[in-house]
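Visitor: I'd like to go through this one with you. Can we start with how the residues are sorted into classes?

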Amino acid sequence: MHVTLINTLAQPLKTAAKFINHQEQASGLSTSRFIQDTGTCLLPKAVFSRSAADLAENSFLELTESGLVYFVPALIGEKISRKIFSKKLEKSAKELVSVQAVKLLEQKNPLNKQILPVKAAIALSAMFIPLTEFTLNYFKNIFTLKTFKKADFNNIAALENKKEDKELQKKVEKSAQKHILGAASVFAGCLGLGTLIAKKGNTSKILQNLSELILAPGSKLFKNNEKAKNFFNKYLSIDFAQQDGKLVLSKGQLTSCVLIGGAGYFGASKDRGKQNFLETLFRFPVVGFYIITGSELFEKGFKKLLVKAGKCKETIGKNLQVPSFEELGDLAKTYAQKNGTKAADEFKKLAKQKTLISGVPFLFSIGFMGFFVAGISNVFTKYRFEKAKQSNTGKNRIIQEKQQLPPAFKSFMQ
């Protein structure tokens with residue numbers, strides 16, 4: 001019904017409604033979200049790219065990062081690890097593997113001794129995602145070095161065009177290899193620990209406690225502090241979330257990607273020079289915060305402003321929940337019967353509200369987090385480079401002038 005009602009809308013509201021509805025219907029389809037988020041992040045960087053190497057690097061990072069987030073969780077969690085580690089569970093326990101550990105602990109499910117170790121093993125196998133995220137910038141450094149023969153960020157960002165330092169290139173390559181190997185070793189440790197927990201967790205109190213700590217750190221560490229418990233469970237648990245009985249990336253896993261991946265960002269950028277590190281230091285905290293919780297805070301704040309202004313009363317609930325377009329169709333029918341109006345007219349009013357609520361945060365993410373941050377980051381990098389260059393020129397001039405002074409005057413100055 002809602003699709004028919006969307007088609008009754010006039011342009012451009014109809015286009016906006018179709019786009020939002022498509023995203024809601026495709027919430028579980030990785031391909032759709034991959035295309036949307038990659039385009040949102042990559043397009044601004046492509047517009048502001050400073051060289052072919054810079055564009056290639058950003059394309060490599062955005063495509064691989066989006067692939068990690070939207071395809072790998074379902075592959076590792078649902079298709080591989082869940083089948084392997086839950087193989088010996090009885091049917092009723094197998095079905096509960098997708099339920100988040102926090103809920104299982106609250107319900108004091110009698111099967112927890114069987115389920116939680118299996119869930120912990122699955123979660124530890126998913127550490128592949130943040131650890132791979134950590135290595136991506138090192139892979140990027142090798143990619144640029146092998147493809148464009150460049151390791152100096154100043155050359156890559158077209159800040160200057162000087163001969164590449166062979167020693168720097170060797171340093172960048174060795175550092176990348178070292179950190180990639182290190183991440184692989186950590187992942188091997190995670191797999192080993194996960195296998196141990198899955199096999200012995202149901203009979204070992206220590207491994208039971210470790211499973212709970214991995215899956216629900218807030219519930220384990222802050223039993224008497226509700227705020228701390230909820231915060232740690234939301235942002236530091238590496239347990240999978242659930243969608244239609246299937247394992248999907250959780251907020252805690254996303255946080256681990258940002259934090260562990262951030263270490264890779266800073267480490268790989270430091271290898272290629274001061275300006276690369278400073279650019280990362282400027283951009284990453286803003287983007288990282290927005291990815292973890294900024295978008296959520298912005299959307300929540302925007303809804304509160306609308307409620308305070310008396311807007312969108314029909315579509316924003318008491319807990320700031322907003323119905324999907326599919327639900328708007330039924331809601332429009334209800335309002336039409338109540339007000340003696342046409343469902344199409346009620347749907348048009350609701351669609352305008354829904355588009356405003358969903359559209360503004362989306363445009364903000366493209367405009368501010370995309371174009372503004374990418375653009376201003378490049379501007380500040382160029383500014384810092386020019387200032388550093390002027391400072392170095394001034395220092396070199398003073399040194400040269402001192403060298404030209406008479407010996408007697410040099411002795412007096414010392």
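Guide: Ala, Val, Leu, Ile, Met, Phe, Trp, Tyr, Cys and Pro count as nonpolar, Asp, Glu, Lys and Arg as charged, and the others, Gly among them, as polar. By that scheme the lining of the largest cavity has 8 nonpolar, 2 polar and no charged residues. Keep in mind that this is a predicted model.

Visitor: Which residues line the largest cavity?

Guide: The lining consists of A123, A126, M127, I129, P130, I238, L249, Q253, S256 and C257. The largest share, 3 residues, is from α15.

Visitor: How much space lies in the largest cavity?

Guide: About 40 Å³. The count of cavities of 30 Å³ or more comes to 1.

Visitor: Now the second largest pocket. How much space is there, and which residues are closest to its centre?

Guide: The second largest pocket holds about 430 Å³. It is lined by 18 residues, and L105, N112, L116, E212 and K220 are the closest to the centre.

Visitor: How does the lining of that pocket divide by class?

Guide: Into 3 nonpolar, 7 polar and 8 charged residues. At least two lining residues come from each of α7 (101-107), α8, α12 (205-215) and α13 (217-221), with α12 supplying the largest share, 4 residues.

Visitor: What does I122 touch?

Guide: Leaving out residues up to four places away in sequence, I122 touches G77, S81, R82, F85, V97, F240 and L247. Of helix α5 (residues 72-85), the buried residues are V72, P73, I76, G77, E78, S81, R82 and F85.

Visitor: What do the buried residues of α5 pack against?

Guide: They pack against α4 (52-70), α6 (91-95), α8, α9, α11 and β2 (246-248).

Visitor: Which elements have the lowest and the highest mean pLDDT?

Guide: Helix α19 (residues 407-413) has the lowest, 49, and helix α11 (residues 166-200) the highest, 97. For the protein chain the mean is 86, and 90% of its residues reach 70 or more. Where pLDDT is low, the predicted coordinates should not be read in detail.

Technical notes:
Residues numbered from 1 in each chain as written. Predicted model: local features only at pLDDT ≥ 70, side-chain atom pairs only at ≥ 80, totals over all residues. Heavy atoms only, no water. Contact = heavy atoms within 4.5 Å. 1 Å grid on protein atoms, 1.4 Å probe; cavity = no way out; pocket = protein on both sides within 12 Å on 5 of 7 lines; lining within 4 Å. Points joined across faces, edges and corners; volume = space filled by probe spheres on them. pLDDT = per-residue confidence, 0-100. Buried < 20%, exposed > 50% of the residue type's maximum accessible area, 1.4 Å probe, protein only.
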